[in-house]
Amino acid sequence: RAVQLLTKEPVIEIDKPYGKILPCVLVQCPFDSSVKGLLLERIRVVDEMMGSSYYPKATSVHATTDMLIGTVSQICLNHIGILIVDEIQNVAISKNGRNLLGALLQLINCSGISICMVGTPECAEFFTQAMQLARRSLGLHYEALEYNQFFYDFCKTIFQFQYTKYKSDISDS
């Protein structure tokens, strides 16, 4: 939602040198923590957003996970600002979770892009088990707010913003 406020277009096109950049790409972590599934989903989402044809090429050959990590790293480096992986708590409950996190770490190291992992509190304990995961999983942790004056003021501010944005969208049409 925040990225939509920054730019009206989901794809930024640059003339010199020509290129297309996706400021933010959101993918879901597969329920079974399949490395290949997540990599292919990333490619599919990029194709959908940019109108490119990386996905058919990635699935036409018998691509190994290592080949897909290379392809996805190149796509991320050239076209993605930040990658958001939602439902990351799936890695904590799946036996393939360590493999998927290893692939994500390799992707971070190869492409250098930022990856935001979003999940429920149960994944925090999983990330702190190994040092290479713990140092990469620092960030914001949200918990339920108490129903008090702060909560009321917060909701009033958020919903006022939503109402103002909705009102301006209608007047632009």
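The model is predicted, so local features need pLDDT of at least 70 and side-chain atom pairs count only at pLDDT 80 or more, while totals for chains, interfaces and linings use all residues. Residues are numbered from 1 along each chain as its sequence is written, and side-chain values use heavy atoms, with hydrogens and water left out. Helices (H or I, at least four residues) and strands (E, at least two) are DSSP runs, numbered from the N terminus.

- The structure holds two salt bridges, each defined as a side-chain nitrogen of Lys or Arg within 4 Å of a carboxyl oxygen of Asp or Glu.
- One of them pairs E41 with R44, with the closest N and O atoms 2.7 Å apart.
- E41 and R44 sit three residues apart in helix α2 (residues 35-50), so about one helical turn separates them.
- R44 also meets E48 in a salt bridge, at 2.7 Å from N to O.
- Because R44 and E48 are four residues apart in helix α2, about one helical turn lies between them as well.
- Together, E41, R44 and E48 are linked in a network of salt bridges.
- How accessible are these residues, given that buried means under 20% relative accessible area, exposed over 50% and partly exposed in between (1.4 Å probe, protein chains only)? E41 is partly exposed at 26%, R44 is partly exposed at 32%, and E48 is exposed at 59%.

**A buried arginine without a salt bridge**

- R42 lies in helix α2 too.
- R42 is buried yet has no salt bridge, and the nearest side chain of opposite charge, E41, is 9.3 Å away; Lys and Arg count as positive and Asp and Glu as negative, while His and the chain ends are not counted.
- Leaving aside residues up to four places away in sequence, R42 touches V27, V72, L83, V85, L104 and L107, where contact means heavy atoms within 4.5 Å.

**Strand pairing**

- Strands pair if DSSP finds at least two bridges between them.
- Strand β1 (residues 12-14) and strand β2 (residues 19-28) run antiparallel and are joined by three bridges.
- Across that pairing, E13 stands opposite K20 in β2, and a hairpin connects β1 to β2 through four residues.
- Strand β2 runs parallel to strand β3 (residues 80-86), with six bridges between them.
- Bridge partners here include L22 with I80 in β3, and V25 stands opposite L83 in β3.
- Strand β3 is in turn joined by four bridges to strand β4 (residues 114-117), again running parallel.
- In this pairing, L83 stands opposite I115 in β4.
- Five of the seven residues of β3 are buried, so β3 is largely enclosed by the rest of the structure.

**A nonpolar surface patch**

- L145, F150, F154, I158 and F159 make a nonpolar surface patch of about 520 Å².
- Patches are made of residues with over 30% relative accessible area and no salt bridge, joining like charges within 9 Å and nonpolar side chains (Val, Leu, Ile, Met, Phe, Trp, Tyr) within 5 Å.
- Accessible areas come from the Shrake-Rupley method with a 1.4 Å probe, and for residues, only the protein chains shown count as cover.
- I158, one of the patch residues, lies in helix α9 (residues 149-172) and is partly exposed, with a relative accessible area of 37%.
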